[in-house]
Amino acid sequence: VKPLPERVKRLEKARDSMRPLLENSCLFANNCETVFREFRISCVHLRREREALDALEGKEVGWRFLCKLCRERPFLYDRVHEVLQILMMSDVWMKAFAEDPECRIEDLPPEIQSEIKRRAEQALDPASKADGYPAAHSSHQEFKASGTIAVVVQRFVKAKLLLNEASDSWAELGRGLFVAVSFTKSATEDKLQPAARFLLTAKLSRGSTEEAESLLSLCQRGECQGILLL
């Protein structure tokens with residue numbers, strides 16, 4: 001385990017990385033998952049260091065980022081849950097959420113909204129707590145996954161697709177992505193557009209430069225990309 005000052009510095013760096021993404025939609029689309037990963041890991045590493053986590057300045061930046069991430073990447077609900085569980089243990093983090101007019105409970109995963117609302121109300125009015133709030137959850141079931149869409153992406157350099165088994169007819173593709181998508185019964189049409197936008201704008205594929213780039217940027221440059229969707 002790294003020393004506490006290093007873990008705090010990593011959290012501060014993740015917060016600072018969020019600021020330009022909130023101001024630029026293109027930067028957000030291309031880098032939000034990388035920044036979120038750093039923020040999530042930092043929170044996990046500080047989950048037992050409540051004072052250090054509480055002392056972070058600019059909590060509104062973290063909350064606004066999480067709200068936007070949930071709006072535009074609903075299939076990341078499961079990972080966001082882990083962070084929310086940690087932040088909900090802190091009255092100062094919940095107070096920052098409740099007092100920020102740009103943060104909306106409706107943007108967060110549906111199955112945790114009622115708990116977020118209860119904790120935000122408690123943070124604003126500590127006297128409303130009956131028996132306090134538990135320091136930790138003994139079971140993950142209370143915060144079960146609420147994601148409605150799951151996406152698995154695999155990059156390929158060359159692929160063949162069987163079109164007709166009887167005639168042994170095949171189609172061939174060059175560079176591109178194999179995308180497997182699954183839906184739960186609670187999936188709705190409004191969740192599809194953010195998922196599609198993610199697949200187009202995230203740096204998932206590669207072109208002639210061998211560097212990770214988005215399908216959108218590659219196609220705009222005239223580089224063909226194949227997509228196999230399951």
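Visitor: Let's start with H5. How many of the residues of H5 are buried?
Guide: In this predicted model, eight of the eleven residues of H5 are buried, so the helix is largely enclosed by the rest of the structure.

Visitor: Which ones are they, the buried residues of H5?
Guide: They are Tyr77, Val80, His81, Val83, Leu84, Gln85, Ile86 and Leu87.

Visitor: And what covers the buried residues of H5?
Guide: The cover includes H2, H4, helix H3 (50-54), helix H6 (91-99) and helix H7 (113-124).

Visitor: Take H2 from that list. At what angle do the axes of H2 and H5 cross?
Guide: Roughly 40 degrees, with the axes of H2 (residues 25-45) and H5 (residues 77-87) coming within 10 Å.

Visitor: Left-handed or right-handed, the way H2 passes H5?
Guide: The crossing is left-handed.

Visitor: Which residues make the contact?
Guide: On H2, Glu33, Phe36, Phe39, Arg40, Cys43 and Val44 take part, and on H5 the contact uses Arg79, Val80, Glu82, Val83, Ile86 and Leu87. By class, the contact between H2 and H5 has eight nonpolar residues, four charged ones and no polar ones. Val80, Val83, Ile86 and Leu87 are also among the buried residues of H5.

Visitor: Why would residues three or four places apart in an α-helix point the same way?
Guide: An α-helix has 3.6 residues a turn, so residues with that spacing point the same way.

Visitor: OK, on to H6 and H7. How do their axes cross?
Guide: The axes of H6 and H7 come within 8 Å and cross at roughly 100 degrees. With that angle, H6 is roughly perpendicular to H7.

Visitor: Who's in the contact there, and what does it look like by class?
Guide: H6 brings Asp91, Met94, Lys95, Phe97, Ala98 and Glu99, while H7 brings Ile116, Arg119, Ala120, Ala123 and Leu124. By class, the contact of H6 with H7 has seven nonpolar residues and four charged ones, with no polar residues.

Visitor: Back up the chain a bit. Where is phenylalanine 75?
Guide: Phenylalanine 75 is in the loop between helix H4 (59-72) and H5.

Visitor: Is phenylalanine 75 buried or exposed?
Guide: Buried, because its relative accessibility is 13% and the cut-off for buried is under 20%.

Visitor: What does phenylalanine 75 touch?
Guide: Leaving out residues up to four places away in sequence, phenylalanine 75 touches Ile149, Pro194, Ala195 and Phe198. Phenylalanine 75 and proline 194 are 119 residues apart in sequence, yet their C-alpha atoms are 8.9 Å apart in space.

Visitor: What about contacts across the protein chain, what share join residues at least 24 apart?
Guide: Counting contacts between residues at least 6 apart in sequence, 67% join residues at least 24 apart.

Visitor: While we're on totals, how many helices and strands are there in the protein chain? And what share of the residues is buried?
Guide: The chain has nine helices and seven strands, and 39% of its 230 residues are buried.

Visitor: Strands next. In what order do the three strands of the open sheet come?
Guide: The order is E1-E4-E7, with mixed pairing. E1 and E7 are the edge strands, each with a single partner strand, so one side of each has no neighbour in the sheet. From one strand to the next, the twist averages 20 degrees.

Visitor: Parallel or antiparallel, E1 with E4? And E4 with E7?
Guide: E1 (residues 149-156) and E4 (residues 176-183) pair in the antiparallel sense over eight bridges, and alanine 150 has serine 182 in E4 as its bridge partner. E4 and E7 (residues 226-229) pair in the parallel sense over four bridges, with leucine 177 opposite isoleucine 227 in E7.

Visitor: How do E2 and E3 pair?
Guide: E2 (residues 159-164) and E3 (residues 169-173) pair in the antiparallel sense over five bridges. One of the pairs is alanine 159 with leucine 173 in E3.

Visitor: Which residue in that hairpin takes a positive phi?
Guide: Aspartate 168 does, near 55 degrees, in a hairpin with four residues between the strands.

Visitor: Last one, glutamate 213. Where is it, and is glutamate 213 buried or exposed?
Guide: Glutamate 213 is in strand E6 (residues 212-214), and at 14% relative accessibility it counts as buried. Beyond residues up to four places away in sequence, glutamate 213 touches Ala202, Lys203, Leu204, Ser205, Leu218 and Arg221.

Technical notes:
Residues numbered from 1 in each chain as written. Predicted model: local features only at pLDDT ≥ 70, side-chain atom pairs only at ≥ 80, totals over all residues. Heavy atoms only, no water. Pairing = 2+ DSSP bridges. Helix = DSSP H or I, 4+ residues; strand = E, 2+ residues; numbered from the N terminus. Buried < 20%, exposed > 50% of the residue type's maximum accessible area, 1.4 Å probe, protein only. Contact = heavy atoms within 4.5 Å. Axes fitted to C-alpha atoms, helices over the stretch in contact; angles between N-to-C directions. Left-handed = near helix turned anticlockwise from the far one by under 90°. Nonpolar A, V, L, I, M, F, W, Y, C, P; charged D, E, K, R; others polar. Parallel < 35°, antiparallel > 145°, perpendicular 65-115°, else oblique.
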